Amino acid sequence: MEIKNLHIIRFCCLLLIIALWGCNSKGYQNLNARYNGYFYADQYLNEVYQAFEERYAYNFDEILRIFPQIDSAIVKSNKEKLDDAFKKSSQTIEWWKASDWVDDSYLIIGKIRYLRAQWQFAIETFQYINQNSNDDPTRQKALIALMRTYMDMGNYDQAEEVAGFLDLEKLEPEVRASYLLTKAFLFQQLDEYGKVKELLTEAQPLINDKTYSLRVNFILGQLAQQAGEYRNAYLYYDNALKGNPPYEVMFHARLNKLIVSGYSNPNNVDEAYKVFDKMLRDGKNKEYMDHIYYTMGLLEQHRNKLSKAVENYRAATRVEQPNNRQQGLAFLRLAEIHYDHLLDFNLASAYYDSAVMKLPKDIERFDEISKRQKVLKDFVTQLNIIEKNDSLLTLAQMNPISLEAYLGRYLDAKEAKERAKERGNNNANSTGLNRTDDSNYQAPDGSNTWYFYNRQAVGQGQLEFQRLWGNRPLENNWRRSLKQTIGLSSAAQTDNDISDDPNKGAPQPDLKSSRETDIDKLMATVPFSEEAQSKVHKEIKDAYFSLGRIYRFGLAQNQKSIITYEKLLERYPQTEHRLDVLYALFTLYEPLDAAKAQHYKQSIIEEFPETLLAKTLINPNYLQEKAARNLALQQEYARAYEAYESGDYILADQRLRAALASFEDVDFLPTVELLAAILKAKTESIVSYEQALKDFIAKYPEEPQSKYAQNLLAAIAPTKNQLFNNLNNAFSEDFQQVHLVAFTFNESVFKADNLKQIVNTFNQQKFESQRLSSSYLNFSPINKTGILFINSFKTKSAAEIYRKLLEEELVKQGLKSDSNFHNFAISRDNFTQLFQNKALEEYLTFHQKFYK
């Protein structure tokens with residue numbers, strides 16, 4: 001019995017060992033990993049990708065996307081599925097480490113991270129699989145997924161680098177098809193459609209998925225159609241029809257087969273139109289009628305039958321159930337035809353407005369389309385300004401009676417239009433255009449209902465009025481005055497009747513009719529006054545200038561730009577835009593007509609010689625040479641400022657004067673001149689310093705240094721008062737100061753500029769090395785006495801020597817001593833005191849005592 005129990009125990013242990021061995025076997029782990037983990041995780045992930053496919057936007061008017069857009073909203077709505085797939089994949093990796101499905105589970109985790117835009121984690125996962133997996137297909141799928149991750153991040157170079165590794169590997173057909181599609185998608189995003197076509201052609205026979213097979217065939221058909229390979233395009237569209245595709249794909253494939261058939265052979269056009277007519281009659285195609293008309297428009301446009309193309313595109317915009325995108329594309333085609341071929345920019349603008357309103361923002365070239373729409377809108381605005389204001393000026397020249405009759409005709413037409421609109425006869429609205437009125441006219445109040453806005457209509461109005469009413473006297477409100485006269489005569493009221501009126505003295509109602517009120521409102525918009533007409537003319541000038549610019553830069557119509565600019569100069573020769581217009585005409589004519597270009601160039605040089613344009617036209621190297629002058633002047637300024645900082649004011653003044661004499665037409669001049677003005681406080685007097693600042697501000701009101709000069713000028717008054725108080729009306733005997741030499745003269749006899757010329761010539765001949773300068777101030781307006789002074793001398797003796805020689809020169813030039821002419825040397829403080837007390841006689845006595 002004991003031996004039997006022992007055998008049973010041994011047998012159970014053996015079964016337990018066998019069971020434990022079986023649990024750790026490869027087959028057991030693979031079975032559990034695949035069906036308890038990977039299967040469900042993969043199924044959940046595929047359901048999310050299928051949701052992307054169901055939301056795929058088939059935009060048949062552009063090359064179809066190879067893959068659907070990754071929609072974050074779908075990712076969020078499937079959060080539970082993705083969380084469960086992530087969990088099951090993680091459990092597979094953790095629980096069944098020895099199974100063959102670990103790599104596949106890592107791949108699912110990487111794809112989930114990719115869908116959640118966890119880019120870096122996804123990249124690390126795919127790279128881990130590539131480095132550690134022994135299963136080539138799984139490792140290659142990880143590299144393909146790594147390509148997609150880099151592409152969605154915008155790292156196209158790195159995506160191409162990964163593709164380079166895959167190009168070296170041997171791929172199974174299914175993996176190779178996936179790789180070729182992904183690589184083609186990469187080049188589709190780079191707009192390299194030649195490579196896309198090559199890759200999809202190679203992938204086509206390898207694709208087993210029905211959805212991608214028809215999509216690839218359709219894309220290849222689009223690419224072949226775009227390349228003019230109509231026979232191949234026909235075959236690809238035919239392939240896309242196989243396998244019972246969705247009706248939308250089947251419909252557009254049939255449409256495209258018809259159009260490439262018509263493209264390839266004109267004889268097929270009639271047959272194509274029979275099919276088009278049949279499709280239009282088919283009730284199933286009611287929602288696709290705009291697509292059919294649009295395709296018919298494409299066919300006619302390809303045949304250069306623009307009128308028929310326009311007719312079909314317009315029909316596409318008028319269907320009962322339009323698709324906004326398709327309607328927008330039809331408007332875009334109409335806009336492009338009127339812009340590129342018919343050169344009708346006004347109508348093109350209307351169609352571009354409608355296209356931009358209808359088209360989705362994600363459409364290819366939307367930014368370019370929107371930009372052109374804005375340019376054309378600006379263009380039409382300028383045209384309308386010119387037409388409106390020209391008409392207003394014409395109306396302003398009419399006599400009041402003719403004008404009132406004319407405005408009455410306008411109101412009649414307006415009311416007739418409104419009645420027609422109420423009856424539903426306004427055909428313009430059915431086109432869907434933003435501007436439903438094809439008329440270019442506008443009302444004086446700026447509304448777009450002013451039908452008779454041209455001179456011919458004005459003339460017709462005048463003739464019609466004279467036919468009906470004859471030559472009426474020129475008076476305002478002629479019709480109302482006539483009514484009042486008739487009313488008084490027919491009433492036959494006596495004075496007693498009027499006096500017994502119970503309403504006598506009460507406020508009287510406004511007897512104007514609504515028609516008369518409307519006429520008064522319109523009349524108020526007509527520019528009768530000179531000021532109002534001046535404003536209208538300015539608007540016309542600005543509009544012509546803008547129109548020329550738009551023709552040239554917005555519409556690339558150089559000839560029309562020339563005509564517009566020349567018309568502006570013809571109507572308004574002295575326009576404020578003259579310089580810019582002359583230069584625009586010069587550059588426009590330069591490649592076309594050398595003689596006319598030279599004419600406008602010469603006009604700029606003669607009329608605007610001080611402008612940068614003129615100087616550049618005279619000397620093409622002007623800017624480079626001016627920059628060199630600026631640099632040289634800055635170096636001289638630095639040397640002068642160094643002397644100023646060290647307290648050697650006379651040397652600084654001399655260097656600045658030399659620089660100012662040597663340089664002209666330099667941007668740095670205001671800075672140099674400001675320092676020269678500041679130095680006068682050190683080398684001359686506070687009076688001349690004050691005058692120098694005023695002169696600087698007047699000369700350079702717009703320069704940034706002017707504000708600093710104004711601050712300095714404001715600070716002079718308290719300083720000057722303090723200085724005058726310290727002088728105590730007595731001339732200083734401190735002769736160690738900087739000196740000047742001055743002489744007074746009668747301004748009625750001598751001109752200051754002539755005297756300065758005499759002194760400057762004398763200085764150049766006798767004292768060139770000292771770089772002396774002369775300045776003029778009005779000393780006594782009452783006596784008409786001016787003072788001209790020469791600076792600066794470091795010592796009293798130097799000033800005395802110079803004064804003696806200058807006096808001799810002035811005598812030679814005919815200036816003799818009289819009651820107004822006095823020649824003297826003077827220190828800086830005494831010069832200030834002299835201007836304060838005007839005590840010239842006292843100073844002359846002082847000068848005789850202390851100066852040789």
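Two strands pair if DSSP finds at least two bridges between them. Helices (H or I, at least four residues) and strands (E, at least two) are themselves DSSP runs, numbered from the N terminus. This is a predicted model, in which local features need pLDDT of at least 70, side-chain atom pairs count only at pLDDT 80 or more, and totals for chains, interfaces and linings use all residues. Residues are numbered from 1 along each chain as its sequence is written, and side-chain values use heavy atoms, with hydrogens and water left out.

First, the overall picture. The protein has 40 helices and four strands. Of its 852 residues, 45% count as buried (buried means under 20% relative accessible area, exposed over 50%, partly exposed in between, with a 1.4 Å probe and protein chains only). Among the contacts with a separation of 6 or more, 64% come from residues 24 or more positions apart; here, contact means heavy atoms within 4.5 Å.

On to the strands. E2 (773-780) and E3 (residues 785-793) run antiparallel and are joined by seven bridges. Six of the eight residues of E2 are buried, so E2 is largely enclosed by the rest of the structure. The hairpin has four residues between its strands, and Lys 784 sits in that loop. Lys 784 has a phi near 55 degrees, which is a positive value in a residue other than glycine. With a relative accessible area of 47%, Lys 784 is partly exposed.

Lys 838 is partly exposed, its relative accessible area being 40%.

Now for the helix pairs. Two packed helices are described by the angle between their axes and the distance between the axes. The axes are lines fitted to C-alpha atoms, for helices over the stretch in contact, and angles run from 0 to 180 degrees between N-to-C directions. Helix H33 (residues 669-683) packs against helix H34 (residues 686-699) at an angle of about 160 degrees, with the axes 7 Å apart. That makes H33 roughly antiparallel to H34 (angles under 35 degrees count as roughly parallel, over 145 as roughly antiparallel, 65 to 115 as roughly perpendicular and the rest as oblique). The contact residues include Leu 674 and Ile 678 of H33, along with Tyr 689 and Phe 696 of H34. By class, this contact has nine nonpolar residues, one polar and three charged. Ala, Val, Leu, Ile, Met, Phe, Trp, Tyr, Cys and Pro count as nonpolar, Asp, Glu, Lys and Arg as charged, and the others, Gly among them, as polar.

Helix H11 (residues 210-226) and helix H13 (residues 247-264) have axes 11 Å apart and pack at about 25 degrees. H11 is therefore roughly parallel to H13. From H11, Leu 214, Phe 218 and Gln 225 meet residues of H13 that include His 252, Asn 256 and Tyr 263. Seven nonpolar and three polar residues make up this contact, with no charged ones.

Finally, Leu 407 belongs to helix H20 (residues 400-422). Leu 407 counts as buried because its relative accessibility is 0%. Between Leu 407 and Asp 518 there are 9.1 Å in space, C-alpha to C-alpha, although the two are 111 residues apart in sequence.
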